[in-house]
Amino acid sequence: MADGNETVVYFSEQVVVLCSCALSFLGSSLIILTYIIWADLRTTPRRLLVFLSVSDWLSAVSYAYGVWRVFRTDSLDCIAQGAVSTFANTSSFFWTVAIAVYLYVFIVRSNQRAADSLVWCFHIVSWGVPLAITVAAVCLYKIGYDASEVSVGWCWVRIHAPDRILWMLLTGKIWEFLAYVTLPVLYILIKRHIHIAHAALSEYRPILATRPPSQSFSSMADMKLTLIPIIFIVLRIWSTVRFILLLADSPARQHPVLVTLHGIGNTSQGAANCIMFVLLTRPLRTRLCAALFCCSKCRADSQDATQRLLPGQDASTPREEDSSSRVGTDR
């Protein structure tokens, strides 16, 4: 457990959370790379997912460093890690809500132009607000060693700050609570609209079945984006439980299982998004499989060509032998 207020982070917990960080790092990187490589995937919803993945990528890297180090003091790298993770984590909250707002305007309000016009506002809020909060927290010496009270080895709000609960709220928890309320409401409204629309068009399905998939109002990729809020809530709830237990001064917040779930939840959103929007999306999965198959085939052909050459023999030797044999035959 822990001595005093300090929560012990066991080696097994470190290994599990570091693996989670690695998967999230790879998943976020894959989402970003597929967006860069394939131009036809550069839709606005996919672009918003990329911005969320950038935040998740930064979170995974900063959390991994904190879990690996398991800080014990307010060192410079502790403050730097705490600042990066605070910014990235808060930005992830905002981008998750931004995606839900975009989908609501695009699908429910049926106004793509208005939805697209909100993207600049999303940038200002989702990058600007977390940056302002993080800079203020660092300048006021609020970021530092927190004894893993509501973390898993990484640094966050200083444990000795007299107003640390206030800063815990400002640097993450208040935005997390707002997301818990906002996301389900928007998600339910989107699903309700889709259900009503499908019911209204049910009598025309034989006609609409002949329409190309590209002409449908909303692609399958857009529909899958509505699952981001659900993933967010399932992963983040463990951090919220530990925060509530801290307010109640309950030692249950130091339980190894809860600490492990907290570590996995805070670091897994990039991996979860990758599974949902890359690996379980057929067009992307097909392209990735084709790319991997081509790479493996080229590698195999190269190895076969190398094995066919005798030791010390280069590619020009067979041609020389063929020429010699032709000369001998002519003679």
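User: Where is leucine 245 found, and is leucine 245 buried or exposed?
Analyst: Leucine 245 is found in helix 9; helices (H or I, at least four residues) are DSSP runs numbered from the N terminus. This is a predicted model, in which local features need pLDDT of at least 70, side-chain atom pairs count only at pLDDT 80 or more, and totals for chains, interfaces and linings use all residues. Residues are numbered from 1 along each chain as its sequence is written, and side-chain values use heavy atoms, with hydrogens and water left out. Buried means under 20% relative accessible area, exposed over 50%, and partly exposed in between (1.4 Å probe, protein chains only). At 19% relative accessibility, leucine 245 counts as buried.

User: What does leucine 245 touch?
Analyst: Contact means heavy atoms within 4.5 Å. Not counting residues up to four places away in sequence, leucine 245 touches Ser250, Ala252, Arg253 and Leu258. Leucine 245 and valine 150 are 95 residues apart in sequence, and their C-alpha atoms are 9.4 Å apart in space.

User: How many residues does the largest nonpolar core have?
Analyst: In soluble globular proteins, nonpolar side chains tend to be buried together. A nonpolar core is a set of buried Ala, Val, Leu, Ile, Met, Phe, Trp, Tyr and Cys residues joined through side-chain atoms within 4.5 Å. Here the largest one has 38 residues, and Leu48, Trp95 and Tyr102 have the most contacts inside it. Elements giving two or more residues to this core include helix 1 (11-37), helix 2 (44-69), helix 3 (76-108) and helix 9 (228-247). Helix 3 gives the most, with eleven residues. A second, separate core of nine residues includes Ile143, Trp156, Trp167 and Met168.

User: Which residues does tryptophan 95 touch?
Analyst: With residues up to four places away in sequence not counted, the contacts of tryptophan 95 are Leu48, Phe51, Leu52, Ser55, Phe122, His123, Ser126 and Trp127.

User: How do helix 1 and helix 2 cross?
Analyst: Two packed helices are described by the angle between their axes and the distance between the axes. Axes are lines fitted to C-alpha atoms, for helices over the stretch in contact, and angles run from 0 to 180 degrees between N-to-C directions. Angles under 35 degrees count as roughly parallel, over 145 as roughly antiparallel, 65 to 115 as roughly perpendicular and the rest as oblique. The axes of helix 1 and helix 2 come within 8 Å and cross at roughly 155°, so the two helices are roughly antiparallel to each other.

User: At what angle does helix 1 pack with helix 10, and with helix 11?
Analyst: Helix 1 and helix 10 (residues 256-267) pack at about 15°, with their axes 8 Å apart, which makes helix 1 roughly parallel to helix 10. For helix 1 and helix 11 the angle is about 45° and the axes are 6 Å apart; these two are therefore oblique to each other.

User: Which residues of helix 1 and helix 11 meet?
Analyst: Leu23, Ser24, Gly27, Ser28, Leu30 and Ile31 in helix 1 meet Gln269, Gly270, Ala271, Asn273, Cys274 and Val278 in helix 11.

User: Is threonine 34 buried or exposed?
Analyst: Threonine 34 lies in helix 1 and, at 2% relative accessibility, counts as buried. Threonine 34 touches Leu41, Leu284 and Leu288, again not counting residues up to four places away in sequence.
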